[in-house]
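Subject: Structure handover

Hello,

Here is the structure I said I would pass on. My notes follow below it.

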Amino acid sequence: MTEPPSPDDPCVIDCPPSGKRVRVLESATDTDGRRFRFDMWLLADSHGPMLHVHPEQDEDLEVVSGRLGVVVDGDRRVLSVGESVTIPKGTPHRFWNAGPDALHVVGEVRPALRTEEFMRVTYGLARDGYSTPSGMPLNPFRLAPLIGRYDDMLYLARVPVWVQKRGVALLSPVGRLLGYDSVYLEYLRR
């Protein structure tokens, strides 16, 4: 198994509350926005993201070491070393560490959009105690402006998109009045 890199590496995005560490392999800048490639490690007792949808991105995950649990459009399976899964845009999915040891996957999303920025901000908020372990802010007034900024990248799979959009539209102005923004430069500096 390859060991996770140091969280001090500027190419690493670390989220200790979720047991997740990501190393950027190819950024949006490197690929003219075509893709974002990354290594991801999930600790043995960690979990991946909640069931979600990428409205504009296809996602690939390949197991380097460990066991990857994945649900794609209701189909649940466990993948081992060398196996991979492709998740087409608009498809509900989630993944997690399904084994007793750390999981290492190589992932890619196409197009890149602002995936790295989104990870840096949400993982940073989680590190600082402002969100769930997976990185979603607990405070709806902090969450709404953030989701509004990244609405091309992610929606929850179990809540109708129109409900999510309406909630963001209603709560974002209040969140901004309370001092919450969608830009967190402190997490974007490397």
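A salt bridge here is a side-chain nitrogen of Lys or Arg within 4 Å of a carboxyl oxygen of Asp or Glu. Arg37 and Glu108 make such a pair, with their closest N and O atoms 3.7 Å apart. Arg37 belongs to strand E3 (residues 36-42) and Glu108 to strand E10 (residues 103-110), so this bridge links distant parts of the chain, 71 residues apart. Please note that the model is predicted.

Another salt bridge joins Asp60 to Arg110, at 2.5 Å between the closest N and O atoms. Asp60 is in strand E5 (residues 58-65) and Arg110 in strand E10, so the pair ties together parts that are 50 residues apart in sequence. Through shared partners, Arg37, Asp60, Glu108 and Arg110 form one network.

In one, the ring centres of Phe118 and Tyr150 are 5.1 Å apart and the planes are at 70 degrees, so the pair is edge-to-face. Phe118 lies in helix H1 (residues 115-127) and Tyr150 in the loop between helix H2 (140-149) and strand E11 (155-156). Both are buried, Phe118 at 11% and Tyr150 at 2% relative accessible area. Separately, the charged end of Arg142 sits over the ring of Tyr130, 4.2 Å from the ring centre.

Finally, Met50, Leu156, Val159, Trp162 and Val163 make a nonpolar surface patch of about 440 Å².

Regards

Notes:
Residues numbered from 1 in each chain as written. Predicted model: local features only at pLDDT ≥ 70, side-chain atom pairs only at ≥ 80, totals over all residues. Heavy atoms only, no water. Patch = residues over 30% accessible without salt bridge, like charges linked within 9 Å, V, L, I, M, F, W, Y side chains within 5 Å. Areas by Shrake-Rupley, 256 points an atom, 1.4 Å probe, with all protein chains shown as cover. Phe/Tyr/Trp six-rings, centres within 6.5 Å; stacked < 30°, edge-to-face > 60°. Helix = DSSP H or I, 4+ residues; strand = E, 2+ residues; numbered from the N terminus. Buried < 20%, exposed > 50% of the residue type's maximum accessible area, 1.4 Å probe, protein only. Lys NZ or Arg CZ within 6 Å of the ring centre and 35° of its normal.
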